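Reader: I am new to reading structures. Please take me through one part of this one closely, and then show me how that part sits in the whole.

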Amino acid sequence: MAMTKDEKIKLYEELMEDKDFLHEMNKKEQADLKYGGEMAYAKDKGMKEGFEQGKLNIAKNLKSLDISIDDIAKITCLSIDEIKKL
């Protein structure tokens, strides 16, 4: 059976006065915010790592084509030392 508007308002008012309920809701919101932050951080970190790995792969391919290390550095924005280690 569906609740009437007045029943919903009364339930809402009761819940807003229930300190235990509010505390549990606050804990859940904090957990949700923490999870969201962790996921955003992980996504950002993964994208950065993938981008860097992509630059290294491009540099390796260019090096195998006998492109000069100076040109590879210009193309990939990697240091000459990084490219020499490949």
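Author: Start with Asp66. This is a predicted model. Asp66 has a relative accessibility of 70%. Exposed means over 50%, so Asp66 counts as exposed. Asp66 sits in the loop between α2 (19–64) and α3 (69–76). Now look back to Lys19. Lys19 and Asp66 are 47 residues apart along the chain, and their C-alpha atoms are separated by 70 Å.

Next comes α3. The buried residues of α3 are Ile72, Ala73 and Thr76. Seen down the helix axis, these buried residues fall within an arc of 100 degrees, so they line one face of α3. What covers them includes α2 and α4 (80–84). Turn to the other side of α3: Lys74 and Ile75 are exposed there. After α3 comes Cys77, with a positive phi near 65 degrees.

Now step back to the whole chain. The protein chain has four helices and zero strands. Its radius of gyration is 28 Å, well over the 12 Å that the globule rule gives for 86 residues, so the chain is more spread out than a compact globule. Along its principal axes, the C-alpha trace spans about 80 × 25 × 15 Å. Buried residues make up 9% of the 86 residues. Take the contacts with a separation of 6 or more: residues 24 or more positions apart account for 13% of them.

Last, the surface and the charges. The chain exposes about 7,500 Å², and carbon and sulfur atoms supply 59% of that area. There are 16 positive and 19 negative side chains. The centres of these two sets lie 7 Å apart.

Note on methods
Residues are numbered from 1 along each chain as its sequence is written. Side-chain values use heavy atoms; hydrogens and water are left out. Helices (H or I, at least four residues) and strands (E, at least two) are DSSP runs, numbered from the N terminus. Buried means under 20% relative accessible area, exposed over 50%, partly exposed in between (1.4 Å probe, protein chains only). The arc is that of the directions from the helix axis to the C-beta atoms. Contact means heavy atoms within 4.5 Å. The radius of gyration is taken over C-alpha atoms; the globule rule is 2.2 Å times the number of residues to the power 0.38. Accessible areas come from the Shrake-Rupley method with a 1.4 Å probe; for residues, only the protein chains shown count as cover. Lys and Arg count as positive and Asp and Glu as negative; His and the chain ends are not counted. The place of a charge is taken as NZ of Lys, CZ of Arg, CG of Asp or CD of Glu.
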